[in-house]
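Please look over the sequence and the structure below before reading on.

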Amino acid sequence: MSKFILFQDEKKCISCRSCQVQCKVNKGLGVGPKPNQIIEVGPVEVNGRLKANYVFLSCFHCDNPWCIAACPNGAIQKREEDGVIFIDQDRCAGCKSCIMACPWSAPQWDARKGKAVKCDLCKDRIDAGLKPACVTACPTNSLRLVRTEDLPDTKRVRFVRELVAREVS
Amino acid sequence: MQQEYSICFMCSVRCPIKVMVKNDDVQLIEGNPHAAGIEGSICPKGAAGVSLLHDEQRLKKPLIRTGPRGAGQWREASWEEALDYVAEKIKQIKDTYGGRSIAFTERAQLNSHISKTFMQAIGSPNYFTHDSCCKGSLNTAFRSLTGYADSSFGVDLERSKHVILYGRNYFESIELKAVKQLTRAMENGTKLTYIDPRVTVTATKADKYLMIRPGTDLALNYALMHVIIEEELYDKEFVDRWVSGFDELKKFVEPYTPAWAEQETGIPAAEIINLAREASAAKPSVIFHYGYRSSHYTNEIYVRRSLIILNALMGSIEAPGGIFIKKSAKDISKQPLHKLTEQDLPKVNEERCDGVGTAKFPTADPAHGVVQLLPQAILTEDPYPIKGLIVWRHDPMLSIPDYQTNKEALNKLDLLVVIDIHFSETAWMADVILPESIYLERGDSIQEVSGLKPSLFMRKPVVSPRYDTKPGWEIMKLLADRLGISKYFPYNSLEELWAYQLAGTGITPEDFAAKGFVTLCQEPVFWDRRDGLKFKTPSGKIELVSSLLEQNGLPSFPAYEPVKPPAEGTFRLLIGRNVAHTHVSTQNNPLLNELVSENLLWINNQAAAKLGIKDGQLVEVTSQRGKEAIRAFVTDLIHPEAVFMLHGFGRRVPTQTRCYNKGASDTMLQVNITDRVGGSPALQHVHVTVRPVA
Ligand code: SF4
Ligand code: SF4
Ligand code: SF4
């Protein structure tokens, strides 16, 4: 797995799609391709309370990426040092194999350039010491770039917090 | 890559931004990282500013109409010619009918002091902003209780323990700072109650959502007051010290029991009692949010007053976590920015054409007028003819209810000039269009932001104009030159305008370089709640029995009258906003249009089933004023008495190809009716029928 992952606290997400628009602008994309998307589930009534989830979905930067296997031109690559999966735009021939192969529709079609485009965790920004464009943009701090090794901790902490809240209320 | 600080103008909030610029082009726009509560974040509209800059469908050159009004026949003109043309026409109207026959309307903005100066210099009282169509009644409500306008109040979300929102859809009508504060507060345990006839994103985030019958907020509030007073849940110390008219209120709300309100609102009495108790337990750190757009019904001022009164009862005014009075530079003994309106301008003694400020319309705020009365004034020539209209980035055609009447009124004018950045519906009717540079290409007057920590912000040009456009302050100056009033516009450049504003403050434009703003004090300023509150009412207190209202023969507590419920087979048309669009100005933006490209008619599933309407089906919505086609969104997330649509669609200007003819226009359906006390139009007054289109 990559060293980093985009972690979303979906409780805080308000489905504003700043992350989506900012990602597109940062990548110079126009109308059409969306390297990240918000999947809306709900609202539905659960035990008398309304529930809705807004789930952020970009590329998972898989361990054994189907997109890499599918690409006939070797355009999709894994960055050695941190496992970021990215498309070398010069090598992309526009065959759409990765788009078909990825189960998450992470690679997207950029009709203007005739090439595939996908989340590269904003590796240029990370290298410059910045957060990914979507993370900085998010108005609720729902998105975070976390180290993969920190992830179990983060989840546990959240779980414990919830548990505590349940007992006092 | 350069980094420049400026101020966003994709909506009216004006968040501070950081703009990444390369080769005179904008790469990315982020929130200003130095601004507390912004920290780099941006909303989708702010992010999409880049696609506005590059939009091929913007206004590019001055245009002069060649065919009939609204036919879309234009020729390009030089700035010289277009400005000469406008000035000549203004002179003619002024000579024939007097200066008062020129009216002006704009979206209130950083250069409004320039617009006001212009109007006073040509001798007209008829300066309008879009404000009455938004928060006019809220303004009057605040003035009637505290002596301050609504713009002088803020909410301290971050420290609040319980925030109660009445349709104030924070998570879809984003103000970045407020959204950040509210999410942070909720993480720390702040409770959120949300009341709305429709389930919004905010409703899905709330601890408690109450579906209220549309138009009955006042009934809920009277019942809340009833419980709060009966159970003595109010802040006695605060009420004794700062509130006058409490006994009258006590007597007045006696009959309005929770059981009565349950009938009216559909909210169970037990929930109402519970809300009153929970709010009181959090006092004074509780906010009954007084709302923002407050132009729903004809009783709007009393709804807004009831919300402010609830805060007064909780003692939340000027309490941490409550609502506070914004402090200006003057309040902290600093020299405020100079405005052009401070000059010795000619006095204008004419009465306003909308009657605001006269016995006809005594309580609304003459500072911005009641713009929805302008079409009537033009059509009837009562009290006198209005022959010329200058419109600066406002779209009365789509902001004022009743599209057809607006069109007739604009058609009657001798001169219609529009200053805008794109082809608004009003620009389409204009004689002359003067294209303004967009906010990334121009600077504007420096902004003074009052608040707990007053500060100054600067919008400056970060790239050069893409087309043959000019900043609005320059357009006004060039017009003034031609009208012989240039002495009231003592600037020739942005730098000179800034220097005029900053004179005597000890602050220079260079002081903005490091962060894009200058904070005038370091610590938040709260006034002392025992002795230091400065209400601007005659009594110096919060006047529940209002001298402003009573002196004008208007009641402070009118008996509750239900807003007329829709008859069987009809629905109340609710309107609102979402996160992708601002008013009527962003629907054609490529990236924002991609997010939300048309509006849908929300209709309750049971009502839809009766009418044979299926989700996604095309339906026809008909009111007494018009008929529109729109696709249905069938859902149980809306009250059965109502249907809902987003404002700003159903556009008729073909050159705006992305939004042309998409969705339905709410102004085509609405009737133009006003809350005569507060000044807002009743935008949700209209009832409609809906039928499937086969
Ligand atoms: S594009 Fe799809 S397959 Fe490839 S790494 Fe991302 S999620 Fe995995
Ligand atoms: S990390 Fe960068 S590329 Fe990936 S979704 Fe976020 S903004 Fe887009
Ligand atoms: S920017 Fe943040 S809050 Fe908005 S949709 Fe994306 S993750 Fe959700």
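Two strands pair if DSSP finds at least two bridges between them, where strands (E, at least two residues) and helices (H or I, at least four residues) are DSSP runs numbered from the N terminus. This is a predicted model, in which local features need pLDDT of at least 70 and side-chain atom pairs count only at pLDDT 80 or more, while totals for chains, interfaces and linings use all residues. Residues are numbered from 1 along each chain as its sequence is written, chains are lettered from A and ligands numbered from 1 in the order in which they are written, and side-chain values use heavy atoms, with hydrogens and water left out.

**Strand E1 of chain A**
- E1(A), residues 4-8, pairs with strand E8(A), residues 143-147, in the antiparallel sense over five bridges, and A:Ile5 has A:Val146 as its bridge partner there.
- Five of the five residues of E1(A) are buried (under 20% relative accessible area, with exposed over 50% and partly exposed in between; 1.4 Å probe, protein chains only).
- A:Phe4, A:Leu6 and A:Gln8 lie on one side of E1(A), A:Ile5 and A:Phe7 on the other, and both faces are covered.

**Strand E23 of chain B**
- Five bridges join E23(B), residues 600-604, to the parallel strand E25(B), residues 627-635, with B:Ile603 opposite B:Val634.
- E23(B) also pairs with E26(B), residues 642-646, in the antiparallel sense over two bridges, and B:Trp602 stands opposite B:Phe644.

**Loop residue B:Ser124**
- B:Ser124, in the loop between helix H4 (112-121) and strand E7 (127-129) of chain B, is buried, with a relative accessible area of 4%.
- The C-alpha atoms of B:Ser124 and B:Glu350 are 7.4 Å apart, although the two residues are 226 apart in sequence.
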